[in-house]
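Keep the model open as you read.

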Amino acid sequence: MNSETVQPPVAKKMPHTMEIHGDVRTDDYYWMRDDERKAPEVLAYLNAENSYTTAKMKHTEAFQEKLFDEMTGRLKKDDSSVPYQKNGYWYYSNFSGDQEYPVYARRAGSMDDEEQVILDANKLAEGHEFFSLGGMAVSSDTTLLGYATDVLSRRLYKIEFKNLGTGEKLADILVDTTGTIVWANDNKTVFYIRKDPQTLLGYQVFRHKLGTDQADDVLVYEEKDTTFYTGLGKTRDDSVIYIYHSHTSKKGASVIDANKPDSAFKLFHPIEDGHEYSFAKLGNEYYIRTNWQAKNFRLMKVDATQATDKSKWRDVVPHRDGVFLSDFELFTNHLVVREKEEGLTRLRVMDLAGGEDRDLAFDDPAFSASIGYNPEIDTDKMRVNYSSLTTPSTVYEYDLKDGNRAILKQDEVLGDFNPANYASERLFIEARDGTKVPVSLVYRKELFKQDGVNPLYQYAYGSYGHTIEPRFDSSRLTLLDRGFVYAIAHIRGGQMLGRGWYEDGKLYNKMNTFTDFIDVTKGLVAQKYGAKDKIFAVGGSAGGLLMGAVVNMAPELYRGVGAHVPFVDVLTTMLDTSIPLTTNEYDEWGNPNETDYYEYMKTYSPYDNVTRQDYPNILVTTGLHDSQVQYFEPAKWVAKLRDYKTDNNQLLFHVNMEAGHGGASGRYKRYKDKALEFAFFFDLLGITE
């Protein structure tokens, strides 16, 4: 059958009315919701959409396979992580051949000693279409391993244990968890978080004694406020176990002595509206990253016995209006802080004995630099993760005393990759309200001329204060080597320019996120970085909301759009407290049970604002088992778009029936969806090889 004659599925309409604040909305496709994901009629519709996408993309199948081989061919098959030392062992992981998952191993004393495999994720994944390894934690005495697995992609993890000396699995099994495992120092007590299987909210912290049944576990904390997320961790010196209480606008922690697992958790400091804090411990002092009277955060310290009294906290790194303090790490003799100023990252090393501060130097115009995994405190060596749009992911080891650095590993890109063939830029585009929005760009030098002829791929996220850093991605070369310019728009709603940048893109300021993206597109076209009829926009999850809003507001700007697991039915979702990520998100989007928020959210909710107009070519992807954005949001959106759109452009919907929010599992399989998207865009441009 000719793909041109294939007709798209037409979803039936069953009007469902919803009324609140005197406003009535009618949802013709509400019937697609099925919490069990087993309704024959729903599955039939999703399979029909998949069949339609397959038919429409049939002529690109060989090209998709070529793109897949091209992207996976850049990956080094036999690869190993940089080993790290903890409690006398060197730990690392290996990929081998075509295996989708890593093998985790360790060596005692030095890397010259005999290898001990502690976990083979490939064996655990056998027989499962999807597999995810959650937390993995070795007991303090190094003899036991706890590990968490998910084979459905709902992020409901099962925790199991094994004896690392004998390889024997213990009888203990903990189900419906977040996957986080924290050992007490007695090596027989573990703490974990149990999830509500319906809302998927982790809200109960349990204490488990090895050798006992999960039904006998002791509930040590229950979060009754559903606007909070609950986390669990342990300080790097192994002395304190903490429960982290995380709300969009206030954060705090409760603590116990890790040597006294049966004791009661107590608040590190009372939780206060608008106050966010986190901490690390060094000796008898806590260092606290806090926004108390410090919008862009500051670093303070206090004696461990006085932590609950904020008046005793003392400045270590004061607040600065133009500098966002995003992270820090403590060593016996040094403090390292990660800061952002005008969107550029800086790692500053401070000598705790009062010596001179030192900034770690980086070379690229746009880059990502972060504090790496440093489990040991008593060391003068620090690992740093570095990447740029032209530099593959690199692990450096810095000498904190003299600033010298050495490369421990840089990801090898197979094939003919040469970073000198590519160039990156960092520029600012003025938005409609005069705000200057930072943009990171990369392109292949000999294929780019700033004359407005190149296709442009523009990506953004713009929510939760999450910053999309300008990192390297080898799959991106597939675009660049065919003449694309790749742009990351660091729009409001992230924290590229500090805390204020986030606040200017949330709640009643959410519209800035969408208009920033649109204005960046217009600015890049005006400056001739991209051809006005060859612009492609991509975003996922909350970035999928961005795509939904943008195609409603400015559909004429884009040749094609990729919307991955898109959060598009904002009002219906935020009014339904039985769905995961609803009450927790009120301080991000607003609570639509309040009239003013409802009316504002309705102005941008993509599903509610679909109109009878021309839309760009759109590829929508999702996973049936998505735990973050339920599959029926994009399904309903696609059905409504088909009914309303007045153009003949393509609208394709691909549902991975085995995956969830993160897409397909495994090292290689995830590139199948990327090959589909790239082929979709290339096909629109007539690029066939």
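Start at Arg 320, which counts as partly exposed because its relative accessibility is 23%. The classes are these: buried means under 20% relative accessible area, exposed over 50%, and partly exposed in between, with a 1.4 Å probe and protein chains only. This is a predicted model, in which local features need pLDDT of at least 70 and side-chain atom pairs count only at pLDDT 80 or more, while totals for chains, interfaces and linings use all residues. Residues are numbered from 1 along each chain as its sequence is written, and side-chain values use heavy atoms, with hydrogens and water left out.

Which residue does Arg 320 pair with in a salt bridge? The partner is Glu 339, with the closest N and O atoms 2.8 Å apart. A salt bridge here is a side-chain nitrogen of Lys or Arg within 4 Å of a carboxyl oxygen of Asp or Glu. Arg 320 sits in the loop between strand 23 (314–317) and strand 24 (323–330), and Glu 339 in strand 25 (residues 334–341), so the pair links distant parts of the chain, 19 residues apart. Helices (H or I, at least four residues) and strands (E, at least two) are DSSP runs, numbered from the N terminus. Glu 339 is buried, at 0% relative accessibility. Both residues belong to a network of salt bridges that also includes Glu 341, Arg 346, Arg 348 and Asp 357. The count of salt bridges comes to 53.

Two further pairs are worth a look. Asp 481 bridges to Arg 444, with closest N and O atoms 3.0 Å apart. Asp 481 lies in the loop between helix 4 (477–480) and strand 35 (485–489), and Arg 444 in strand 33 (residues 436–444), so the pair ties together parts 37 residues apart in sequence. Asp 481 is partly exposed at 29%, whereas Arg 444 is buried at 15%.

Now take Arg 492 and Asp 516, whose closest N and O atoms are 2.7 Å apart in a salt bridge. Arg 492 is buried, at 3% relative accessibility. Asp 516 is buried too, at 0%.

Of the 115 residues in the largest nonpolar core, Leu 46, Phe 517 and Leu 524 touch the most other members. A nonpolar core is a set of buried Ala, Val, Leu, Ile, Met, Phe, Trp, Tyr and Cys residues joined through side-chain atoms within 4.5 Å. Helix 12 (residues 670–685) gives this core its largest share, nine residues. Apart from it lies another core, of 15 residues, among them Val 336 and Phe 362.

Is Glu 588 buried or exposed? Glu 588 is buried, yet has no salt bridge. The nearest side chain of opposite charge, Lys 510, is 4.5 Å away. Lys and Arg count as positive and Asp and Glu as negative; His and the chain ends are not counted. Glu 588 lies in helix 9 (residues 586–589).

Finish with helix 11 (residues 632–644). Eleven of its 13 residues are buried, so helix 11 is largely enclosed by the rest of the structure. Among the buried residues are Phe 632, Trp 637 and Arg 642.
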